[in-house]
Amino acid sequence: MKQQRLMMGMPIMVEVVDGTVTVKDINDVYDYFHHIDEKFSTYKKTSEVCRINRNELKPQNYSEEMKEVLNLSEKTRIDTNGYFNI
């Protein structure tokens, strides 16, 4: 099953080569993409990233997903001696 939708300012195609996949499965994938876009987009004023950048959220109020990404980002910065610094 294959579907393409416009998301995050570009066409996103999901193709699953499995005869048991359903439309709901594909919709679940796109729902997840939408969730991530709403949380991490630097272009959407209401995203958690933008709210953090505007100092509207304090670190103790970050979502668990955001904390995980920031922790992994810091680990990557340390592991690469600053070569990758998000």
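Trainee: Where is Glu48 placed?
Mentor: Glu48 is in helix α2, residues 48-53; helices are DSSP runs of H or I of at least four residues, strands are runs of E of at least two, and both are numbered from the N terminus. This is a predicted model, in which local features need pLDDT of at least 70, side-chain atom pairs count only at pLDDT 80 or more, and totals for chains, interfaces and linings use all residues. Residues are numbered from 1 along each chain as its sequence is written, and side-chain values use heavy atoms, with hydrogens and water left out.

Trainee: Is Glu48 buried or exposed?
Mentor: Glu48 counts as buried because its relative accessibility is 8%; buried means under 20% relative accessible area, exposed over 50%, and partly exposed in between, with a 1.4 Å probe and protein chains only.

Trainee: Which side chain joins that of Glu48 in a polar contact?
Mentor: That of Lys39, at 2.9 Å. A polar contact is a pair of N or O atoms within 3.5 Å; within protein, one must be able to donate a hydrogen and the other to accept it, and residues adjacent in sequence count only if both atoms are side-chain atoms.

Trainee: Turning to α1, which of its residues are buried?
Mentor: Ile26, Tyr30, Asp37 and Lys39 are buried in α1.

Trainee: And what do they pack against?
Mentor: The buried residues of α1 pack against β1 (2-7), β2 (10-15), α2 and α3 (64-79), where contact means heavy atoms within 4.5 Å.

Trainee: What does Ile26 contact?
Mentor: Beyond its neighbours within four places in sequence, Ile26 is in contact with Met1, Gln3, Val14, Val16 and Val21.
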